[in-house]
Amino acid sequence: KQWYQRRVAITAGEREKKREYNWRIMNVDNGTFTPLVYTISGNVGLECGKFYNHLCTKIANKNNEKYSDVISWVRCKVSFMCLKNALMCLRGTRSVKKDNNIGYVSDDFKYDVMQCRF
């Protein structure tokens, strides 16, 4: 019963985000919109899961990496980005200086996965 309630809540969140943003993205920005909906416990919505699969398949094919290494790497990076943003919201920034390395993301999947001990 709990998983069903969670699935209904996630679906409602996806529907709400699509209702809010889809028209503008399609008509003004000439793009497509995929809502990335997460729960506190780490569950993802149906469309978010499809997005992860598609993205990681493309990255794995492009870099000749194993899909499992890439999906582990992407999930780890997204988890740490969410955690970092949550901490920033709670405590704010400690310095005025802007970090220039925020946009840097390593593309050495095997090394990063080994470092994370997946």
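This report walks through the overall fold of a predicted model and then looks at one of its helices, H2.

## The chain as a whole

Start with the big picture: the protein chain has four helices and zero strands. Going along the sequence, that gives the pattern α-α-α-α.

Of the 118 residues in the protein chain, 20% count as buried. As for contacts between residues at least 6 apart in sequence, 47% of them link residues at least 24 apart.

H2 takes in residues 46-63, so to speak an 18-residue stretch. From first C-alpha to last, H2 reaches 26 Å, close to the 26 Å expected at 1.5 Å a residue.

Which residues of H2 are buried? They are Cys48, Gly49, Tyr52, Cys56, Ile59 and Ala60. These sit on the same side of H2, because they cover an arc of only 100° around the axis. The general rule behind this kind of spacing is simple: an α-helix has 3.6 residues a turn, so residues three or four places apart point the same way.

## Just past the end

Terms used. Residues are numbered from 1 along each chain as its sequence is written. This is a predicted model: local features need pLDDT of at least 70, side-chain atom pairs count only at pLDDT 80 or more; totals for chains, interfaces and linings use all residues. Side-chain values use heavy atoms; hydrogens and water are left out. Helices (H or I, at least four residues) and strands (E, at least two) are DSSP runs, numbered from the N terminus. Buried means under 20% relative accessible area, exposed over 50%, partly exposed in between (1.4 Å probe, protein chains only). Contact means heavy atoms within 4.5 Å. The expected span of a helix is 1.5 Å times one less than its number of residues. The arc is that of the directions from the helix axis to the C-beta atoms.
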